Amino acid sequence: DRVILDFLHARVATALTAVFEVITVSGSASVLVPAVFVATVALWYRKHRREAILLTASALTGAGLVYIVKRLVGRARPELWPSEWYSGSSFPSGHTLAVAATATAGALVLIRLWPAARRWAISVAFLWTVLVALSRLVLGVHWPTDVLAAACIGAAIPLVLSLGFAFSRS
C-alpha cells in the first residue's frame, strides 16, 4: 500500500492534483445524490420501473455498506503527507464504492434500454470508477487496498441486485 502511494505522490505533478480534486468531487454525495435522483425520476416517468429501482437500490445499498463497513473496520487513513481533505475511517473508500455502484448500475440500465450502447456504457463506468479511485490515492486519503476493495464491492452490488430482478420475473 505505502509503496504505491509513495510512487504516485512522487510522480503526479502538483498541477494535476487540482484535476484529481475535481474528479474526486464527482464521487461525492453532493453530485451523486442529485444525479441518481434525476435519473430515477426520468426512468420512472418513462415507465422503466425496474431500471429506476436498480439504480436507486444500488446507490442506497452502496451508501449503507460504506457506513456499516467503515464503522466495523475503523482503518486509519494514510498520513504520509499533509492532507486536509477527509477524516474518519479509510476502509472502504466511500467515493470509489459509490461511483462503482452507481456507474455499474447506470451501465446495466443503458445496456438494457439500448443494447448497442454496451461497450460505451461499460467503458464509461469503468473509466469513471478508475479515475475516482485514482483520485483518492493521489490526494493521499486512502490506501490502494481501500479503493480496490471498494471498486469490487461497488460493482458487485448492481450485478447481484440485477440477478435478483431477473429471478423475480420468472
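1. In this predicted model, the largest pocket has a lining of 17 residues, and those nearest its centre are L32, V33, A59, A63 and A98. The space within this pocket comes to about 340 Å³.

2. Three helices each supply two or more residues to the lining of the largest pocket: α3 (29-45), α4 (49-73) and α5 (94-113). Of the elements, α4 gives the most, contributing six residues.

3. What is the make-up of the lining of the largest pocket by class? Ten of the lining residues are nonpolar and seven are polar, while no charged residues are found there.

4. For α3 and α4, the angle is about 160° and the axes lie 7 Å apart. Because an angle over 145 degrees counts as roughly antiparallel, α3 is roughly antiparallel to α4. The crossing of these two helices is left-handed.

5. Which residues make the contact between α3 and α4? On the side of α3 they are V36, A39, T40, L43, W44 and Y45. On the side of α4 they are R49, E51, A52, I53, L55, T56 and A59. By class, the residues of this contact comprise nine nonpolar, two polar and two charged.

6. One residue links the two parts of this note. A59 is among the residues nearest the centre of the largest pocket, and A59 also belongs to the α4 side of the contact with α3.

Technical notes. Residues are numbered from 1 along each chain as its sequence is written. This is a predicted model: local features need pLDDT of at least 70, side-chain atom pairs count only at pLDDT 80 or more; totals for chains, interfaces and linings use all residues. Side-chain values use heavy atoms; hydrogens and water are left out. On a 1 Å grid over the protein atoms alone, a cavity is a set of points where a 1.4 Å probe fits but cannot get out, and a pocket is an open set with protein on both sides within 12 Å along at least five of seven lines; lining residues have an atom within 4 Å of a point. Grid points are joined across faces, edges and corners, and a volume is the space filled by probe spheres set on the points. Helices (H or I, at least four residues) and strands (E, at least two) are DSSP runs, numbered from the N terminus. Ala, Val, Leu, Ile, Met, Phe, Trp, Tyr, Cys and Pro count as nonpolar, Asp, Glu, Lys and Arg as charged, and the others, Gly among them, as polar. Axes are lines fitted to C-alpha atoms, for helices over the stretch in contact, and angles run from 0 to 180 degrees between N-to-C directions. Angles under 35 degrees count as roughly parallel, over 145 as roughly antiparallel, 65 to 115 as roughly perpendicular and the rest as oblique. A crossing is left-handed if the near helix is turned anticlockwise from the far one by less than a right angle, and right-handed if clockwise. Contact means heavy atoms within 4.5 Å.
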